[in-house]
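Subject: Structure handover

Hello,

Here is the structure for you to take over. My notes on what was found in it follow below.

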Amino acid sequence: YLDRVDKRFPEEMPKALSQKATILTVMGRFPEATQVRNQLLQDFPNSDEAANYRWQVAQQFAKANDFVSAWQWAQQISVNNSDSDVAPKAGFWVGKWAEKLGQTQEAQKAYQYVLERHPHSYYAWRSAVRLGKDVGDFTTIRSLPLKVETPTVRSIPPAGSNMFKELFLLGENQEAIDLFRGEVGNKQEITVSEQFIEGLIQQIQGKNLQGINTIWSLRNRRDNPEDYREWQILRNSPEYWYGLFPFHYEDLIVKWSTERKLNPFLVVSLIRQESRFEKEIKSPVGATGLMQIMPDTGKWIAPQINLKDYSLTDPNDNIKMGTWYLNYTHETYNGNSLLAVASYNAGPGNVANWVKRYDLTDFDEFVENIPFPETKGYIETVFGNYWNYVELYDPQIQEKID
């Protein structure tokens with residue numbers, strides 16, 4: 001069936017070749033699998049599947065301590081697959097491997113490339129750290145003196161009539177929403193800019209998870225060249241990133257972060273990952289509210305902070321308890337935010353085992369060694385969120401990057 005894809009669905013050929021190579025490998029037909037992967041690299045060098053394969057090979061060489069070959073394979077991703085999801089990670093590790101080989105200048109170039117080409121990624125933050133920028137590392141984020149400054153006025157919407165834009169800027173929310181919905185009507189397919197505005201409207205209506213996801217899903221429209229161009233223009237504007245990384249519940253987050261001596265940008269980053277700012281959301285296992293607190297954990301925390309009557313769906317109670325627990329995990333690991341956040345996700349028992357098993361002298365390698373893909377992704381997402389929130393809401397951070 002995969003062999004038929006090229007005739008019926010030629011645009012799906014990279015995926016078909018990748019799947020075919022995987023199947024042949026499982027079957028033990030290694031020469032054929034290699035031949036198929038070579039075809040993937042030759043015929044579709046710019047595909048995401050080619051990027052993922054290059055990264056797999058680079059990792060294999062790195063594990064064998066062949067950092068030259070790892071560097072060469074990862075470097076190809078920056079050249080051929082700069083828009084792929086794995087590109088920021090590959091670019092960063094090009095720098096790390098260059099450091100291991102004593103190539104300091106090449107490492108600096110790699111970090112600077114990631115910082116400039118993928119400025120909103122987790123690896124942009126890690127690159128800034130490696131470049132010596134004063135942006136906080138895992139051991140210093142908690143006490144980094146940062147100040148939250150949210151915009152006092154809204155940005156002009158990228159679509160809609162002048163009347164809609166005026167109502168939106170004035171904060172006449174319901175009138176603006178009604179007018180915009182009337183202008184869009186029953187279109188079967190709205191533009192990229194209109195979908196972005198829809199995401200903003202959903203957040204104004206308190207549908208924060210839906211609104212953030214509506215904006216995030218714009219990246220799925222990359223297959224249409226016109227939509228892709230419009231998305232690229234939009235994502236170069238600050239309002240796009242404010243829409244993706246809103247600072248809902250700012251007053252409560254700043255209040256309880258200050259009380260716990262926590263970095264408010266780290267707290268809001270964790271909340272965004274845990275709940276997308278949905279105060280009544282509940283996970284399948286029962287974790288509830290903004291900071292996704294388990295009921296039993298809530299019962300354990302409450303008497304320690306003299307909280308008798310509380311509700312996990314109440315934003316103030318939830319953030320009050322969640323920040324106490326995040327402070328507790330920080331104190332458990334001597335202020336190390338990497339271990340504190342990992343513990344928040346995977347539990348203290350798992351993190352204690354990882355600390356015993358893996359070397360902590362290199363935090364980036366420690367993250368790579370974490371055996372739980374969910375926790376590894378959680379760390380990258382939370383601290384990637386942190387980087388975006390700091391860039392957006394701390395006016396001094398850009399001076400530290402430049």
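Which helix gives the most to the lining of the largest cavity? The answer is helix α18 (residues 315–332), with four residues. Helices here are DSSP runs of H or I with at least four residues, numbered from the N terminus.

Before the rest, a word on the source. This is a predicted model, in which local features need pLDDT of at least 70 and side-chain atom pairs count only at pLDDT 80 or more, while totals for chains, interfaces and linings use all residues. Residues are numbered from 1 along each chain as its sequence is written, and side-chain values use heavy atoms, with hydrogens and water left out.

Cavity and pocket

A cavity is a set of points, on a 1 Å grid over the protein atoms alone, where a 1.4 Å probe fits but cannot get out. A pocket is an open set with protein on both sides within 12 Å along at least five of seven lines, and lining residues have an atom within 4 Å of a point. Grid points are joined across faces, edges and corners, and a volume is the space filled by probe spheres set on the points.

The count comes to one cavity of 30 Å³ or more. The largest cavity has a volume of about 30 Å³. Its lining consists of Tyr-325, Tyr-328, Thr-329, Thr-332, Tyr-333, Ser-343 and Pro-348. By class, these residues are four nonpolar, three polar and no charged. In this scheme Ala, Val, Leu, Ile, Met, Phe, Trp, Tyr, Cys and Pro are nonpolar, Asp, Glu, Lys and Arg are charged, and the others, Gly among them, are polar.

The largest pocket has a volume of about 1,400 Å³. It is lined by 43 residues, of which His-120, Ser-121, Trp-216, Arg-235 and Trp-241 are the closest to its centre. The lining has 16 nonpolar, 15 polar and 12 charged residues. At least two lining residues come from each of α6, α8, α12 (208–216), α13 (225–235), α14 and α22. The largest share, nine residues, is supplied by α22.

Aromatic rings

The whole structure contains 33 aromatic pairs. Rings of Phe, Tyr and Trp (its six-membered ring) pair if their centres lie within 6.5 Å; planes under 30 degrees apart count as stacked, over 60 as edge-to-face and the rest as tilted.

Phe-245 is in the loop between α14 (238–244) and α15 (250–260) and Tyr-389 is in helix α22 (residues 373–393), so the pair ties together parts 144 residues apart in sequence. Phe-245 is buried at 7% relative accessible area, and Tyr-389 is buried at 0%.

Phe-245 also has a charge over its ring: Arg-272 lies over the face, 4.2 Å from the ring centre. The rule is that NZ of Lys or CZ of Arg is within 6 Å of the ring centre and within 35 degrees of the ring normal. Likewise, the charged end of Arg-4 sits over the ring of Tyr-1, at 4.8 Å from its centre.

Salt bridges

There are 17 salt bridges in the structure, each being a side-chain nitrogen of Lys or Arg within 4 Å of a carboxyl oxygen of Asp or Glu. Lys-100 and Glu-365 form one of them, with their closest N and O atoms 2.8 Å apart. Lys-100 belongs to helix α6 (residues 87–100) and Glu-365 to helix α21 (residues 363–369), so this pair links distant parts of the chain, 265 residues apart. Lys-100 is partly exposed at 42% relative accessible area, as is Glu-365 at 27%.

Arg-126 and Asp-137 meet in a salt bridge at 2.9 Å, N to O. Arg-126 is buried, with a relative accessible area of 2%. Lys-96, Arg-126, Asp-137, Asp-362 and Asp-364 are linked in a network of salt bridges.

Regards

Key
Buried means under 20% relative accessible area, exposed over 50%, partly exposed in between (1.4 Å probe, protein chains only).
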